[in-house]
Amino acid sequence: MTRFMASAAALAILVGGAAFAETHEVQMLNVGTDGERMVFEPAFLQVEPGDTVKFLATDNGHNAESLLEMMPEGAEAFKGRINEEIEVTLDVEGLYAIQCKPHYAMGMVMTVAVGDAEVPDDFLEGRIPRKAKERFEAQLAELSAE
């Protein structure tokens with residue numbers, strides 16, 4: 001009986017944790033609601049570990065993929081295909097930079113903050129196109145405002 005109760009409690013914890021995970025939708029757009037071209041909408045998300053982000057191929061010609069040098073250590077990289085939706089479950093706390101590979105130079109980027117994420121000192125170092133860097137800076141300002 002004790003063994004059964006312990007197993008049931010463990011199962012409830014596992015299933016209960018999954019039940020609270022959320023799915024957040026992000027559209028990949030040629031033009032956003034504010035008139036900006038080549039955007040993810042929303043461009044910034046604050047999520048909890050275990051939440052899923054679903055990138056919707058709303059307009060053609062886009063993908064969503066992580067920038068390897070701009071994600072938490074130990075996190076799994078992902079790369080969606082052009083014109084296809086991709087769902088990614090983010091388990092590791094920290095900041096994730098996401099790009100649309102064909103439109104990276106045009107600034108088609110977004111930031112996902114998982115858990116109590118802080119901006120690493122070197123997050124914006126390296127070769128980042130000017131427009132992408134400007135958008136990352138604006139997105140990081142949203143993290144500071146929360």
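1. Which exposed residues does the face of α2 turned away from its buried side carry? They are Arg 130, Ser 144 and Ala 145. Exposed means over 50% relative accessible area, buried means under 20%, and partly exposed lies in between (1.4 Å probe, protein chains only).

2. Some ground rules. This is a predicted model: local features need pLDDT of at least 70, side-chain atom pairs count only at pLDDT 80 or more, and totals for chains, interfaces and linings use all residues. Residues are numbered from 1 along each chain as its sequence is written, and side-chain values use heavy atoms, with hydrogens and water left out. Helices (H or I, at least four residues) and strands (E, at least two) are DSSP runs, numbered from the N terminus.

3. Now the length of helix α2. It has 16 residues, and at 1.5 Å a residue they should span 22 Å. The end C-alpha atoms of α2 are 23 Å apart, which agrees. The expected span is 1.5 Å times one less than the number of residues.

4. Next, the buried side of α2. Its buried residues are Ala 132, Arg 135, Phe 136, Gln 139, Leu 140 and Leu 143. They cover an arc of only 140° around the axis, so they sit on the same side of α2. The arc is that of the directions from the helix axis to the C-beta atoms.

5. What do the buried residues of α2 pack against? They pack against β2, β3 (44–47), β7 and β8. Contact here means heavy atoms within 4.5 Å. The helix α2 lies across β3, β7 and β8, and runs at about 30° to β8. Axes are lines fitted to C-alpha atoms, for helices over the stretch in contact; angles run from 0 to 180 degrees between N-to-C directions.

6. On to the sheet. Four strands form an open sheet in the order β3-β8-β7-β5, with mixed pairing. The edge strands are β3 and β5, and each pairs on one side only. Two strands pair if DSSP finds at least two bridges between them.

7. Look at strand β7 (residues 94–99). Six of its six residues are buried, so β7 is largely enclosed by the rest of the structure. Six bridges join β7 to β8, and the two run antiparallel. Tyr 96 stands opposite Val 112 in β8. Gln 99 has Val 109 of β8 as its bridge partner. Strand β5 (residues 65–66) also pairs with β7 in the antiparallel sense, over two bridges. There, Ser 66 stands opposite Ile 98 in β7.

8. Then the aromatic rings. Rings of Phe, Tyr and Trp (its six-membered ring) pair if their centres lie within 6.5 Å; planes under 30 degrees apart count as stacked, over 60 as edge-to-face and the rest as tilted. By this rule the count comes to three aromatic pairs. Phe 40 and Phe 55 form an edge-to-face pair, 6.0 Å centre to centre with 75° between the planes. This pair links distant parts of the chain: Phe 40 is in strand β2 (residues 37–41) and Phe 55 is in strand β4 (residues 51–56), 15 residues apart. Phe 40 counts as buried because its relative accessibility is 2%.

9. Another pair involves α2. Phe 123 and Phe 136 are edge-to-face, 6.3 Å centre to centre and 75° between the planes. This pair also links distant parts of the chain: Phe 123 is in the loop between β8 (109–114) and α2 (130–145), Phe 136 is in helix α2, and they are 13 residues apart. Phe 136 is buried, with a relative accessible area of 0%.

10. Last, a cluster. Phe 40, Phe 55 and Phe 78 form one aromatic cluster.
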